[in-house]
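Let's take a friendly walk through this model, with the cut-offs spelled out along the way.

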Amino acid sequence: MPLPSPVPVDFQHVLQLWQLVPEGEPIITPSSHLLPVRWMGRAAMLKRALDIDEQLGSRVLDWWDGDGAALVFAYDGDTVLMERAQGERSLMRMALEGEDDEASRILCGVARKLHQPREKPLPEVIGLRQWFRDLAPAAARYGDLFPRCLETAEALLASEHDQRVLHGDIHHDNILDFGERGWRAIDPKRLYGERLFDYANLLCNPDLPTAREPARFLRQLDVIVEYARVDRRRLLEWVLAFAGLSAAWFLDDGMAADSDLAVAHLAAAELDRLACCA
C-alpha cells in the first residue's frame, strides 16, 4: 500500500493491520505523528504518540468512549486509530470573529460532558500535585509573580475536591467540530484532580492572540462562571496557578512566556480586587 510522500514514520504495519487507506499528507507535531486515513468507509486519524503522556492520554480518550471526546477505534502499541473531525467550524475562528462568548460556552459544555461520573475503573492517570511539580523550581529561578503562583497552587492542591478524570489541555484547538456528532475533545493529558482545574486553561490559551487583553479576560471569566456554574475566586486561583506553571514550561524551554505571564497578572489583579471588596 503506497504512503503519501514524504512519510516521517513507518505506518505500514497498522495500515495493513487495520486495512486503512491513506487520505492526506502526514501531520508532524513535537509530540506525535498523524496521518488522515479511511477506515471501513469512515474518516479516521492515525496517531503515533512519541512520549508517554501522549500515549496514556490516548487511553483517557478511549476511556471516555466518545462521550464528549473523539471515538477511539483501535490501538497498537503507541499508535491509535481514532475518529477524525470533518466539520468546518473552528472555536479559534469564532473567538476571533465576534463569537468569543459562544466559543467559551461550547468549551464549558464539552468539559461538563467529560467530567460526568462514570461507573468503571479509572484509566492510568497522575494527580495534579505531580503535574505542578515544575512550579516550585520556577519560583526559585524566576521570581516576580512565580512565588505567588506557587503559593496559590499549594493552597489549591491542599484543598482539592470534586475530583474527576481531567482533560488537562482544553483550549480552542483541542475541541473540534465533528459535524453531526457535535463538538468533541482530542489530545487529553492523563490527569486526575479537581474539576475546576480544566476550566482554567480556557483563559490561559497562549495561542489565542486576545487572551491577554484585560477586557476580554474579564468578560470570558464572567461567561465561564455563569455557564459552568463555578466559583469565581477559586477559578481565578486556578488560572493564576496554571498560568504560572505554563509560563514556567515555556521559560524552561528557552521560549517567551509573555501571554501566560500577562494572564497570571490579570488573574492576580482580579483576585486582589475581590479581596479589597470583601
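## A residue to start from

D222 is partly exposed, with a relative accessible area of 34%; here buried means under 20% relative accessible area, exposed over 50%, and partly exposed in between (1.4 Å probe, protein chains only). D222 sits in helix α9, residues 214-228. Helices (H or I, at least four residues) and strands (E, at least two) are DSSP runs, numbered from the N terminus. P22 is 200 residues from D222 along the chain, and the C-alpha atoms of the two are separated by 44 Å.

A word on the basis of these values: this is a predicted model, in which local features need pLDDT of at least 70 and side-chain atom pairs count only at pLDDT 80 or more, while totals for chains, interfaces and linings use all residues. Residues are numbered from 1 along each chain as its sequence is written, and side-chain values use heavy atoms, with hydrogens and water left out.

## Strand β4 and its partners

Strand β4 covers residues 42-49 and is mostly covered, as 6 of its 8 residues are buried. Two strands pair if DSSP finds at least two bridges between them. Strand β3 (residues 32-39) pairs with β4 in the antiparallel sense over 8 bridges, and W39 has R42 as its bridge partner in β4. The hairpin of β3 and β4 has 2 residues between the strands, and M40 takes a positive phi near 50 degrees there.

Strand β6 (residues 79-83) also runs antiparallel to β4, joined by 5 bridges. The bridge partner of R48 in β6 is T79.

## A three-stranded open sheet

Another place to look is an open sheet of 3 strands, in the order β7-β11-β8 and with mixed pairing. β7 (126-127) and β8 (163-166) stand at the edges with a single partner strand each, so one side of each has no neighbour in the sheet. β7 pairs with strand β11 (residues 191-194) in the parallel sense over 2 bridges; G127 has Y192 as its bridge partner in β11.

## Helix α10 and its contacts

Which angle do the axes of α10 and α11 make where they cross? The axes of α10 and helix α11 (residues 258-277) come within 8 Å and cross at roughly 155 degrees. Axes are lines fitted to C-alpha atoms, for helices over the stretch in contact, and angles run from 0 to 180 degrees between N-to-C directions. Angles under 35 degrees count as roughly parallel, over 145 as roughly antiparallel, 65 to 115 as roughly perpendicular and the rest as oblique. α10 and α11 are therefore roughly antiparallel. Contact means heavy atoms within 4.5 Å, and the residues in this contact include L236, L240 and F250 of α10 and L261, L271 and L274 of α11. By class, the contact of α10 with α11 has 14 nonpolar, 1 polar and 5 charged residues, where Ala, Val, Leu, Ile, Met, Phe, Trp, Tyr, Cys and Pro count as nonpolar, Asp, Glu, Lys and Arg as charged, and the others, Gly among them, as polar.

For helix α6 (residues 135-142) and helix α10 (residues 232-252), the axes come within 9 Å and cross at roughly 70 degrees, so α6 and α10 are roughly perpendicular. Among the residues making the contact are L135 and Y142 of α6 and L245 and L251 of α10. The axes of helix α7 (residues 146-158) and α10 come within 8 Å and cross at roughly 125 degrees, which makes α7 oblique to α10.
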